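Hi everyone, thanks for coming along. Let me put the sequence and the structure up on the screen, and then we can walk through them together.

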Amino acid sequence: MTAQDPVAGAPGAVAALPVATGRRTPWAHPQLLLGAVLVGLVLLTALVSLVWTPFDPEHAGAERLLPPGPEHLLGTDRFGRDVLSQVMAGAQITLLVGVVAVGIAAVVGVPVGVLAGMLQGAGRRRPATLIMRASDILLAFPGLLLAIVLGAVYGAGTLTAMIALGIGSIPAFARVARGGTLQVVRSDYVLAARAANRPELAVAVRHVLPNIAGTVLVQCSVNFAIAVLAEAGLSFLGLGTAPPTPSWGRMLQESQQFLGVADHLAVVPGVAIAVAVLGFNLLGDGLRDVLDPRLAGVAAERADAAARAERVPGPDPRTVTPRDAAATPPALEVRDLDVRTHGGRALLSGVSVRVAPGERVGLIGESGSGKTMTALAALGLLPDGVTASGHVGLAGVPGNLLERGERELAALRGRDVSMVFQEPMTALDPLVRVGRQVAETMTLHGTGRAAARARAAALLAEVGLPDDAARRYPHELSGGQRQRVVLAMALANDPAVLVADEPTTALDVTVQRQVLDLMLRLAGERGAGLLFITHDLAVVSQVCERVVVLLDGVVVEEGPVAEVFARPRHAYTRRLLAASALEPRATTAEPAGPTAAEHAEAVVRVEDVTRTYAGRGRAVQALRGVSLEVRPGQRFGLVGESGSGKSTLLRIVAGLDEATSGRVVTAGVDLSPGARGRRGAPPLGDVRRALQVVFQDPYGSLDPRMTVGDIVAEPLLNPANVREGGPATASARRAAVREMLAAVGLPANAADRYPHQFSGGQRQRIAIARALVCRPRVLVADEPVSALDVSVRRQVLDLLTRLADEHDLTLLLVSHDLGVVRHVCDHVAVMHDGLVVEQGPTAQVYDDPRDAYTRRLREATPRLLVG
Amino acid sequence: MLRHLASHVVQLVATLLVATAAIFVLLRVLPGDPAVVALGLDASPEALAAWRAEHGTDGPLVEQYLRWIGGLLTGDLGTSYVTSQELTPLIADRVQVTALLVLLGMLVALVVAVPVGTLAAVWHRNAGGVTLSAVSQVGVAVPNFLVGVLLVAVFAVRLGWLPSGGWTAPADGFGEFWRHVLLPAVALGSVQAAIITRYVRSAVLEIMREDFLRTARAQGLTFTGALVRHGLRNAGVPIVTVVGVQIASMLIGAVVIERVFAVPGLGSLLLDSVGNRDLLAVQSVVAVLVVLVVLLNFLVDLVYTLLDPRLRRAS
């Protein structure tokens, strides 16, 4: 039949759904409930009909074509058979066909898809593609057609129908399983499992199958519905279940002759089919909703907010008074702004922000503090499900913007007030050339088409884009270039106020500098007021004149930047400032001669390593001849911007990737290309016992379906990882996990909880505990704090440093942030374009950089200027 | 782009070869010698040999397969073993009927689904949107032949406005053509409308969450304006591919609808041939259907790449 599922069946729309283990009842999901009830009804009917029906469904009676009545509740058919009994018995065939067809499809399709996904995840694209192509050939044979063909050859019947429909659904299951597997395999938690030396089969069983189970279940439900429809269609054609066994499809077909005479004969089986199909479809949709990963995100946000709230004492924020009363009428005024969800949760409470003409005001706070919400409320762009009250005023526009309709607001947006967003990669329409998008901003507000086009080209040149930029599509520009386009759009109509929401957070440091300078210059030339939203205090100190500090939807402090940063009044501001200023690592006076460390054998030695990826069409050189040495006990920092090759190098050193040429020795194991042999013959286990990795994204590196205890214990499950005398039994493992959790500062009961119940910082602690549970000699941390808020960042960095001291670890820290490296490391290597451009003691490289790129990087890195 | 096209064409040819080979094995090889099937077990060896020579079923199977493929390409499908009819003109005639039915059905579906699905997405938080998606959910669950049966019951049997079945080609009278095609096209299209409504809804919902829609609003478009100018075009990319896939599935779904309305299309021919045990006809009709399905899937991939500049360049 033709029913397909809008999401699961759409090409490329396959997703693995990590199960949100949030405590949500099924009652919160009416679809799921209704679906379960309908499916349960069909199931119950089938079961009851096995032992009892009002009449024998196959017994022909004397009273033919009776309408529904007291004796025959749903009437009788042309042979005098009881329709109710037939419908009840028909449920058996329906369920049987569904179960067998879905079973065949799942049993064949899921392993095929998982295999293809794991092969592709392991970089073996060719066999993976071949497997999927083979499975896709079945797409040429829709189940119904296959059933007709098989019926023609082997005779029609229930068995033929079930097998044909099952085979026809194999590709759907294979695709879903492959998509889900790929997503799981590419996640950091699988990388972590690999780094912990778990075999592929264990990865598949422990991580992949549980994480795709939800998606497969959804597919089962959807395909069940398809099978029910198809079986009915086949029976309708006389190619399904043979008479006299009752079947809904054949009942419908037989009813055709009596239309107008006995319509109930068509209606009853029709309703039965619809109920069954509806039930399974609703069940599938409901399951998908329940398994939606977005719900897990909400829980994490709450954990983050709770974590912040716990730690912040301070005066009642409502009593804060501005230190300077602005004399001039403001360009933008937000007064007593409240934003609440429809559920009643307050997102903003009494927020007031003034931006004078030409003034640059910083709005700072951590994630979830309500910075973005404030900006969106000011432009009337609040998302569905929240409402704002209070006052938003704009110079030259009378009245309260919050009381205006969408049409009036739209007329103001882009002309009087405009906005630059955080994520340049998604901020532009991917299908429209950027020149047209910039011009549209002007035509919308009355500029003629030709004039707008000319002005757009001029604007794009003004923001420093190449001449042909106007004709390019967004994907043909880099992130920094796209942000310049957004800036050009925002300034096209010379607005009085520019709102910039973390405009440079997604950009590299050197690009950030350029975009910031450009923004300040252009806004300054136009005399536009700037509301600059950021989490980065250093950027605020360089960009803004005044600052407003937001904590959990409340303004806790505001004033001139120099004053607030020099003498913060609120405890939260003080803490934020303290966390932001990462002082350089206290250097122990280094002796002039070679130290003991330099005599020792290097823990990691990399010589002239290259790595080339075979891209489509052209090869990409990620590493172009890198050499460095990390010695025991060193705190070694690796700094570079995106695309510098630092993550590639890290993966090669950890044995997660292989170099194209050069020599790599980690912990005494030769990982050079060729030395590994065909099947990873050299003892990778030795490397992984000696070296463990902490990944960047604490939200992605923990399997959402495992308890924290299981996550931390996972590396111990491979006996090769456990040192002699280490924890070998289940209870010893539990003790080791408890000890490790305590060491990273988490409560003992954390072991029984799930990752989503922890904040970002806590999750990174869990990841550190997992990395250290095998007592490695080397800890590699890949951007361990770049996904964390400032106040948490420092705690995690200090924890890393402390643990490195206590456990006598060598630390290899990869970061884009020179400040982070300077805070933690005694030695640093700077990478640029696949090369190490400079390395040496951190203090020397930082204070006296020799390489031009290092100088540029250092100058671009925003520093907190405190008065 | 050319490399991409070339790899797609190679894949297309490979799929077609494997699929036709599977049909050949299923319908020509496994059922046994067609000569024996036609003449019976008692037929003399001479009669069997003569029959095989006449129908080209002598020689090695690989050669027969290649000859059959050659016939498919050149439009010579041979004559039916049972009715002795020339298959090529017969099938060509039937393909036209089914194609008209399917295309009109899709038209009906799109005219309903695009506006309704968009509204269901825009109103997804209020009662109107919930109602629309509930109706589409129920619509997906109704088998198209039930819709057909009910349409006949109302418009043909009760009201007598339209014929309950049969067919008139457009060339033989445009008015009569419409009277005959309307009910089957609506029956085929209405269930598709429900299915595509759900796709449109989820595509538009997805787009409504996109950052660039917010950017468009920030530069001065209203929510509706942004949705129309930037949203629908982006949502259109996945919807076009879905339409392609659904046309393929309607080709098969039409088999049942043709039976309900006694429309002489490809599906009726398939079912009649199955009924007559006319395996060469079945083989040919199935091959035509499979080729159409594979070609549609190929076109979907191609159109998808053409619509999205990101894929255009990346490939």
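How many helices and strands does chain A have? Chain A has 29 helices and 19 strands, counted as DSSP runs numbered from the N terminus, with helices being H or I of at least four residues and strands E of at least two.

A quick word on the ground rules. This is a predicted model, where local features need pLDDT of at least 70 and side-chain atom pairs count only at pLDDT 80 or more, while totals for chains, interfaces and linings use all residues. Residues are numbered from 1 along each chain as its sequence is written, chains are lettered from A and ligands numbered from 1 in the order written, and side-chain values use heavy atoms, leaving out hydrogens and water.

Staying with chain A, 56% of its 867 residues count as buried, meaning under 20% relative accessible area with a 1.4 Å probe, protein chains only. Of chain A contacts (heavy atoms within 4.5 Å) between residues at least 6 apart in sequence, 72% join residues at least 24 apart.

Now please find Leu332(A), in strand β1, residues 332–341. Leu332(A) is buried, at 0% relative accessible area. Leaving aside residues up to four places away in sequence, its contacts include Val353(A), Ala378(A), Val497(A) and Leu531(A).

Residues 134–157 of chain B are 92% helix, with end C-alpha atoms 30 Å apart. For residues 281–307 of chain B, the figures are 100% helix and 39 Å.

Note on methods. Buried < 20%, exposed > 50% of the residue type's maximum accessible area, 1.4 Å probe, protein only.
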